Amino acid sequence: MTTTPKTAFGQTIHHVELTDWLTTAAELHGSGHTMFDWLGVEDAGRPGAVGQRHAVFLHVIDPSTREGVMLRTELGPDEALPGVAHLWKGARWHEREAAEMFGITVDGEPEHLLLPESFQGHPLRKDFVLASRVVRPWPGRLEPGEDNTSAPSRRRTAPPGVPDPSWGPRREEEQQS
């Protein structure tokens, strides 16, 4: 391996640089980790920088020992993730989902998997505006800052995915007029 693995709670994790992603994955495959479990993406953006960095995780298993190993790397907005579908065929679907839902580039992955081609945006990113929150109020418990009970000196906050009041038409306001 190109990194020093860390083990916690029975899970071995390799934090690798993006340039070592494919090499480390191939080494894992060659060492007997031939069973693909999953590949996932997480928006790793810090406050004020959501949608700028993404953490990618790959979990594979050695069937003879049942040992699972996880690879983790981070990519920036202009970086592409080398695909691992040639090592584990099951990774193809996960790579396409990551490309479509998070907007990361995986070996130039252009085809759609879940969303229609006319869909704009990447719905699993934290910076994606939830249009349904604009048209209709959230039916559950109110988020902090939405109940108008905050002290006047306190800045009103909105949860992730809720656009600012200037975004788009609001159906409730039109019906009350």
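**View 1. The buried residues of helix α1.** In this predicted model, helix α1 spans residues 21–30 and has W21, T24, A25 and L28 as its buried residues (buried: under 20% relative accessible area, with a 1.4 Å probe and protein chains only). Helices are DSSP runs of H or I with at least four residues, strands are runs of E with at least two, and both are numbered from the N terminus. Seen down the axis of α1, the buried residues fall within an arc of 100°, so they line one face of the helix; the arc is that of the directions from the helix axis to the C-beta atoms. The cover over these residues includes β3 (35–43), β4 (54–62), β5 (67–75) and β6 (80–81). Just after α1, G32 has a positive phi of about 110°.

**View 2. H94 in helix α2.** Helix α2 (residues 91–102) contains H94. H94 is buried, at a relative accessible area of 18%. Apart from neighbours within four places in sequence, H94 is in contact with F36, W38 and L39 (contact: heavy atoms within 4.5 Å).

**View 3. The largest nonpolar core.** This core has 26 residues, and W21, V56, L58, V84, W88 and I104 have the most contacts inside it. A nonpolar core is a set of buried Ala, Val, Leu, Ile, Met, Phe, Trp, Tyr and Cys residues joined through side-chain atoms within 4.5 Å. Two or more residues come from each of α1, β3, β4, β5 and α2, and α2 gives the most, with five.

**View 4. The contacts of I104.** Leaving aside neighbours within four places in sequence, I104 is in contact with V41, H54, V56, L75, A98 and A99.

Residues are numbered from 1 along each chain as its sequence is written, and side-chain values use heavy atoms, without hydrogens and water. Local features need pLDDT of at least 70 and side-chain atom pairs count only at pLDDT 80 or more, while totals for chains, interfaces and linings use all residues.

Definitions and conventions:
Buried means under 20% relative accessible area, exposed over 50%, partly exposed in between (1.4 Å probe, protein chains only).
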